[in-house]
Amino acid sequence: MTTMSNVAAIILISVVLLSAKAPVSPLLNLSLFSASETMLHHRSLPTRIVGVFIRNPRTHPRFSTRLLGRTFCYTDKTPQPPSPTRLEPASNLPPILRLVNIHVPYTHDPGKEHTQVHQSLQREVRKRLKLPRSYPMPEESIKIVRKSFDARRRGGRGRNEQESEPAFVYIIDVNTTSLLRAGESNRKTRVAAELFKERLSKLIQTNAIQIPESRSLAIQHNPQPSKASPLTLTEGTGQTAQPRRKQVTITVIGSGPAGLFAALTLVEGWEVSKEKSGEFGRFPPVRVQIVERGRDVGQRGKDIGALINRRVLSKDSNLCFGEGGAGTWSDGKLATNIGRNSEYVRFVFERLVESGAPERILVDGKPHLGTDRLVQILKKFRERLEATDRVSFHFGQRITDIRTDGNKVIGVDMQDIDTGKCEYLQSDKVVVAAGHSAREIYEILEGIHAELEPKEFAAGFRVEHPQELINIAQYKEFAKDSGPRKDNKIPVADYKLALKDPPVYSFCMCPGGQIVPTSIVPSELCINGMSFSRRQSRFANAAIVTTIPVDTFGDAQTAMSSEIERVFGPYELKKIKKKSGKMSATAGMKWQQEMERGAAIAGGGKLVCPAQRLIHFLDDTFDPDDILPASSYRMGVKNFPIRDLYPPAVINRIRESLSEFEKKLPGFISQQAVLHGVETRTSSSIRIKRDPNLCSVEPYRDTLYAAGEGAGYAGGIVSAAVDGVRVAESILREL
């Protein structure tokens, strides 16, 4: 009876087609198939004939319909019953696929502290891949690449309540082999697995799925090389390079991110880049000596404590100088604009994790360490370097000169900051990895005629709000779920504001942070923001800065003088001009010093900070009797008309931008917002010119190198570390 019903269905379809004058013979191709042997599946009829394929070569239509409870598929291909054997991935199917912008409403997510795969995430991945709910998804088939929080609402017409709330946004890597095998192992999902394989190419074409680049090291390394054995490198061919007898001594000036990662790369023989530049051949043993003006993090912490609590400022060991660089006593941000998924950035993150950083920084969309964590990480990082027996640290040593012999650098002179004892360090190569506040280094480089040039930087004020105000401005009614505690699902709110015209933007936003002095001498005042790992402060601060176009002042044309006067104000041009008429490379640095001296005088000395309510600054008014709101700046604040701290051009740019910032972040302009001044050292005002391929500095090719933020090639912890790695790679290639 069942067979007769199926035959009747086939005849009925044929009659319908003939009545529509559809060409049947020889253009009509009919084939019967069994549900157990085809993609068409019917639970109640595992072995019955339930469908018919009809092929029309002229139109090649493909669609399906149901008639008399049976499924009929029209297709442009004659069906071939698939083999009952195990499904194999297509040859052109990449093993790993990347899904971007996977949104999980925050109420369905475990929260900011959770970085593991969870059910809500699996559900969203199934939706993106168009897999049925019952499709198995093994743990190893999904890997979280990035997790970030998006406070913006995605609501609109047709959006339900869940879709209109803030969400966590994921980037996911899918192991297609594991996923297909899981689907084929279940008879109910075998069809879905086959369809999934067919859909992948379409998803890739629409950029819904990306194929991540694989990262491989061109040179293998030995994380903990033996103290007795010289450094050896394993080439891509698997052969071990033989070291030269002569030892190469490299001096690294500065123990910030650039200096530390340059040293690590040199002694452990890392090669991060995918493409090798020629053959390395024999490789000599390398010895690295790191010279740091400040002290190690332990003693440096005591010096900073003396500054905050007793106003005792050490010009050599402070928030700018010391182990780890200025970033140690800053916010500890690991955000970067050079590509979070790049091989160099992953390399830096992985080395930090090996030194004690939490593994979640590999996943966080806005990774942050905080000063308290950075101190412990730096100690372990130093222990790792010292364990190689090829790295020595010289803390508390101020560089007084870089010795040269013709066009070669042969060593450095250093002086103990406590005893005044001088010492000479012979060097085959010198890497300048000092920070942007090491002004004496620039003067030394200028003295040996190294090529320097002025560089664009930014300057302005640091604005502070109550953190709760920023939470409400960003999250609205969802702010109740934000906070620094582990049980708070949403992180404390931050913001990023920017305008192109005028070029004003927020910089180094520190949620749950505090404002700190970054002065290196008592007669100059500069401030910055910092926070600890938990971000528990009740304040939020960020720099509001505008671009200072110093890079345009390298031109000797007289027309530049008007631009200098417009931006730099009454500052005397003869102080920043060379006798030749060209602008000195240190012009911006000296302008920064002038602004910092003015801020120190405005505060009344003792590193007291001049400050003013944002609304008064916006209205260009000053109330001498105004009592300012509480500030996180522990050295004290003084009510002052901060419009007098910068030239009018700088002040007008910042003032014009505030109204636009209020539109982007309602509540930004409020009675509780206070501007603190001044912040001038957002980046280096000088660039040390270097060969783009070899990273060496002219005219001292192959012996003098520059790396990091102070050299003008980075802006932050991660980019500085990456630049240090690249410079070290160029040295390894030469060796």
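Colleague: Which helix does Gln 592 lie in?

Modeller: This is a predicted model, in which local features need pLDDT of at least 70 and side-chain atom pairs count only at pLDDT 80 or more, while totals for chains, interfaces and linings use all residues. Residues are numbered from 1 along each chain as its sequence is written, and side-chain values use heavy atoms, with hydrogens and water left out. Helices (H or I, at least four residues) and strands (E, at least two) are DSSP runs, numbered from the N terminus. Gln 592 lies in the helix of residues 587–603, which is α12.

Colleague: Is Gln 592 buried or exposed?

Modeller: Buried means under 20% relative accessible area, exposed over 50%, and partly exposed in between (1.4 Å probe, protein chains only). The relative accessible area of Gln 592 is 2%, so the residue is buried.

Colleague: Which residue's backbone oxygen does the side chain of Gln 592 reach?

Modeller: A contact is heavy atoms within 4.5 Å. Leaving out residues up to four places away in sequence, Gln 592 touches Arg 439, Phe 457, Thr 680, Arg 681, Ser 683 and Ser 685. A polar contact is a pair of N or O atoms within 3.5 Å; within protein, one must be able to donate a hydrogen and the other to accept it, and residues adjacent in sequence count only if both atoms are side-chain atoms. At 3.1 Å, the backbone oxygen reached by the side chain of Gln 592 is that of Thr 680.

Colleague: Which residues touch the most other members of the largest nonpolar core?

Modeller: A nonpolar core is a set of buried Ala, Val, Leu, Ile, Met, Phe, Trp, Tyr and Cys residues joined through side-chain atoms within 4.5 Å. The largest has 134 residues, and those touching the most other members are Leu 385 and Phe 668.

Colleague: In what order do the strands of the five-stranded open sheet stand?

Modeller: Strands pair if DSSP finds at least two bridges between them. Here the pairing is parallel, and the order is β11-β10-β9-β15-β27.

Colleague: Which strands stand at the edges of this sheet?

Modeller: An edge strand here has a single partner, so one of its sides is left without a neighbour in the sheet. This applies to residues 391–395 and 704–706, that is, β11 and β27.

Colleague: How many residues of β9 are buried?

Modeller: On one side of β9, Val 248, Ile 250 and Val 252 are buried, and on the other Thr 249, Thr 251 and Ile 253. β9 pairs with β10 over six bridges and with β15 over four. Strand β9 is largely enclosed by the rest of the structure, because its buried residues number six of the six.

Colleague: At about what angle does α15 run to β27?

Modeller: Axes are lines fitted to C-alpha atoms, for helices over the stretch in contact, and angles run from 0 to 180 degrees between N-to-C directions. α15 lies across β9, β15 and β27, and its angle to β27 is about 155°.

Colleague: How many of the residues of α5 are buried?

Modeller: Helix α5 covers residues 257–268. The elements covering its buried residues include β9, β10, α7, α8, β11 and α15. α5 is mostly covered, with a buried count of 12 of its 12 residues.

Conventions:
The expected span of a helix is 1.5 Å times one less than its number of residues.
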